[in-house]
Amino acid sequence: MSVQDDLAAVKRRLQDLEHTVEELEHRVGTERGAPRAPSAGRAESMVTIPDTPYDAGKWTDVDDEGLGARDHHAP
């Protein structure tokens with residue numbers, strides 16, 4: 001293939017890509033250049049994690065993952 005053939009193939013694929021993107025935009029209902037609205041429900045799905053320390057009682061008698069039980073020697 002010549003350089004011109006390669007460039008023509010790239011141009012066709014780029015046009016195919018542009019066409020596919022336009023179809024996707026149409027399916028989603030957006031228009032090119034229109035500002036996107038923030039996703040609805042986004043704020044409701046956010047979870048606030050407190051900065052306070054965890055209750056140490058939650059971790060009583062819990063094994064450290066991969067380290068074995070507390071107060072026991074490794075094999």
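Reply: Here is the patch, with the chain around it.

The model is predicted. Start with the setting. The chain has one helix and zero strands. Of its 75 residues, buried ones make up 1%. The accessible surface comes to about 7,900 Å². Carbon and sulfur atoms account for 56% of that surface.

Now the patch. Val47, Ile49, Tyr54, Trp59 and Val62 make it. Its nonpolar surface is about 590 Å².

Take Val62, one of the patch residues. Val62 sits in the segment after α1, the helix that spans 3-28. Its relative accessible area is 33%. Val62 therefore counts as partly exposed, because that class runs between the 20% limit for buried and the 50% limit for exposed. Patch residues need over 30%, and Val62 has 33%.

α1 has 26 residues. From first C-alpha to last, α1 reaches 37 Å, close to the 38 Å expected at 1.5 Å a residue. Just after α1 comes Gly29, with a positive phi of about 95°.

Notes:
Residues are numbered from 1 along each chain as its sequence is written. This is a predicted model: local features need pLDDT of at least 70, side-chain atom pairs count only at pLDDT 80 or more; totals for chains, interfaces and linings use all residues. Side-chain values use heavy atoms; hydrogens and water are left out. Helices (H or I, at least four residues) and strands (E, at least two) are DSSP runs, numbered from the N terminus. Buried means under 20% relative accessible area, exposed over 50%, partly exposed in between (1.4 Å probe, protein chains only). Accessible areas come from the Shrake-Rupley method with a 1.4 Å probe; for residues, only the protein chains shown count as cover. Patches are made of residues with over 30% relative accessible area and no salt bridge: like charges are joined within 9 Å, nonpolar side chains (Val, Leu, Ile, Met, Phe, Trp, Tyr) within 5 Å. A salt bridge is a side-chain nitrogen of Lys or Arg within 4 Å of a carboxyl oxygen of Asp or Glu. The expected span of a helix is 1.5 Å times one less than its number of residues.
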